[in-house]
Amino acid sequence: MVRRAGEYDAVIVGASLAGCTAAILLGRGGARVALVEKSPDPGAFKRICSHMVQASGVPTLERLDLLEAIVAAGGIRSRLRFWTEWGWVEAPPERAAQGVNLRRELLDPIVREAAAATAGVELMLGHEAVRLLRDGDAVRGVAVRDRDGVDADLRATLVVGADGRESHVAELAGVPAKTLPHGRFAYASYFENPSGSLDSSVWFLDPQISAAFPTDGGLVLYVAMQTKDRLPEFRRDPKAALLASVAAIPESSTRPGREVGPLLGKLQMPNRVRGPVAPGLALIGDAALATDPLFGVGCGWAFQSGAWLADCVAPALHGAEPLQKGLARYRRRHRRELRGHAFFIHDYANGRRFNPIEKLAFFAAARDPELATMFDAYATRQIRPTQMFAKTIPRTIAVAAREALPHRGGGVPASR
Ligand SMILES: Cc1cc2nc3c(=O)[nH]c(=O)nc-3n(C[C@H](O)[C@H](O)[C@H](O)COP(=O)(O)OP(=O)(O)OC[C@H]3O[C@@H](n4cnc5c(N)ncnc54)[C@H](O)[C@@H]3O)c2cc1C
C-alpha cells in the first residue's frame with residue numbers, strides 16, 4: 001500500500017554519523033530534508049566500533065556545534081601514538097593533534113538528536129529504504145517501508161546513501177563496489193582504566209596489532225587485530241585469547257583494570273570502495289568508502305564527507321546551478337581528500353608485515369620529534385600522503401643515516 005507522497009530537497013538514508021551531519025548542514029542551509037532510518041530506536045548506535053574520532057573530524061564536530069556536547073557527555077580528547085620494535089612514535093604533547101573518544105552508545109544519540117532538532121529536517125525512524133524512484137537514468141526519490149509494512153514514496157532533488165558499508169541504496173542504484181581483502185580479524189572489550197591515561201595507543205607487533213582507546217566512564221577499549229591464521233585460537237575462547245594479547249602488550253606505561261565487557265568481535269571487514277556519485281545520488285560515510293578500522297578513520301570521514309557533500313550541493317539545492325555540477329564537485333573533493341589515504345590503508349590491510357620503507361620510517365620517527373610530529377599529522381588524517389612524503393622523506397633519510405649507519409653498516413637495526 002502506498003500511503004503518502006513527500007517532496008523534499010534531499011532524502012538521506014541512514015541517520016548515523018554521516019547522514020545526520022549532511023542533514024544538519026543541509027537543513028541549516030534552508031533545505032527540506034527527510035532523514036530516513038530503519039531502526040525505530042532514537043538511541044540506536046553502531047555496536048562494533050572503537051569510536052575514536054580522528055583529529056581530522058574535530059573541526060566538523062565544532063561546525064556542527066557538537067564538540068561541547070560530546071565532551072560534556074564524557075568524551076575525552078585523546079592523542080594518538082604508535083609503538084613498533086624501534087620504540088614509540090609520538091609527537092611532543094603540545095604539538096600532537098587531539099581526536100575525541102566517546103562510546104557510540106552515547107555519541108550516536110547526541111548526533112541524531114541534533115539532526116532531529118534542526119529546522120527543515122524530518123527524522124523518520126523505523127523506515128527502511130526499499131526501492132529507488134527514478135526519472136530516466138536519474139534517481140529522484142526513495143520508497144520507504146515502515147514497521148507495519150506501509151510504503152511511502154519520498155521524492156527529492158537529491159538522494160543520499162548514508163547507509164553504511166553494505167549500502168543498500170548503492171546496490172539499488174547499481175553503483176558497483178570494489179572490495180579489497182582484509183587479512184585480519186578483531187576482538188575487543190572494555191576494561192576499567194585505573195591509570196586514567198588519555199592517550200590512544202596502537203602497538204604494531206608486525207603483523208599482529210594491539211590497540212587501546214581510552215574513553216568516557218573511566219573505561220579503555222582494548223583491541224586485538226590479528227592475522228586470520230590466529231582465528232581458531234580466538235574462536236576456541238575469545239575472551240581468554242583477548243586477555244592473553246592484552247597481557248603480552250610490550251612497553252605499555254599502563255595496565256588495564258578489570259574487564260567489564262561486552263566482548264566484541266568482527267571477523268570479516270573487507271575494504272569497500274564505491275564511486276560516490278551517480279545522477280541524482282550521492283554516497284557519504286562508509287557507503288562511499290569503508291576502510292580498515294585499524295586506523296580509526298571511518299567516523300571522522302563520515303562527519304567530513306557529510307559536510308563536504310552539504311557544501312558542494314548547496315548551490316544546486318538553491319537553484320543556482322544544475323545538481324550534477326555540485327555532485328561532480330563532491331566527487332572531486334572526496335577523491336582528493338581520501339583516495340591517497342585509502343590506498344595506503346588498503347595496502348597494509350591484507351595482513352602483511354612491514355616493508356623496508358615502513359621499517360625505516362618508524363625507526364627514524366621513533367628517534368626524531370620533528371618526524372614524529374609530521375607522522376602524527378598524517379596518522380590523524382590532517383595531511384595527505386603526498387604532503388607527508390614531501391615533508392618527511394629527506395629528514396627520514398638523514399635521521400636513519402645518522403642513527404643506523406654506525407650500527408649496522410646501512411641497515412635498520414632489528415630492534416632497539
Ligand atoms: C571493528 C570496527 C572498529 C571501528 N573503529 C573505528 C574507530 O575507532 N574510529 C573510527 O573513526 N571508525 C571506526 N570504525 C568505522 C566506523 O564505525 C564507521 O566508519 C562509521 O560508523 C561510518 O558511519 P556511517 O554514518 O557512514 O555509517 P553507519 O554508522 O554504519 O550507519 C549506517 C546507518 O544506516 C542505517 N541504514 C542501513 N540501511 C538502511 C536502509 N535500507 N534504510 C534506512 N536506514 C538504513 C543503519 O541503521 C545505520 O543507522 C570501526 C569499524 C569497525 C568494523
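Biologist: Why does the radius of gyration of the protein agree with that of a compact globule?

Modeller: This is a predicted model, and the rule is 2.2 Å times the number of residues to the power 0.38. With 416 residues, a compact globule would come out near 22 Å, and the protein has 22 Å, so the two agree. The C-alpha atoms fill a box of roughly 75 × 45 × 40 Å along the principal axes.

Biologist: How many of the residues count as buried, and what makes a residue buried?

Modeller: Buried means under 20% relative accessible area. Of the 416 residues, 56% count as buried. The protein exposes about 17,400 Å², and carbon and sulfur atoms supply 53% of that area.

Biologist: What share of the contacts with a separation of 6 or more joins residues 24 or more positions apart?

Modeller: That share is 73%. A contact here means heavy atoms within 4.5 Å.

Biologist: How many helices and strands are there?

Modeller: The protein has 12 helices and 21 strands.

Biologist: Which values describe how helix 1 and helix 8 come together?

Modeller: Two packed helices are described by the angle and the distance between their axes. Helix 1 covers residues 17–28 and helix 8 covers residues 298–317. Their axes come within 8 Å and cross at roughly 35°.

Biologist: Why is the crossing of helix 1 and helix 8 called right-handed?

Modeller: A crossing is right-handed if the near helix is turned clockwise from the far one by less than a right angle. Helix 1 passes helix 8 in that right-handed way. The contact includes Leu-17 and Ala-18 of helix 1 and Cys-299 and Ala-302 of helix 8. By class, this contact has 12 nonpolar, two polar and no charged residues.

Key:
Residues numbered from 1 in each chain as written. Predicted model: local features only at pLDDT ≥ 70, side-chain atom pairs only at ≥ 80, totals over all residues. Heavy atoms only, no water. Axes fitted to C-alpha atoms, helices over the stretch in contact; angles between N-to-C directions. Helix = DSSP H or I, 4+ residues; strand = E, 2+ residues; numbered from the N terminus. Nonpolar A, V, L, I, M, F, W, Y, C, P; charged D, E, K, R; others polar. Buried < 20%, exposed > 50% of the residue type's maximum accessible area, 1.4 Å probe, protein only. Areas by Shrake-Rupley, 256 points an atom, 1.4 Å probe, with all protein chains shown as cover.
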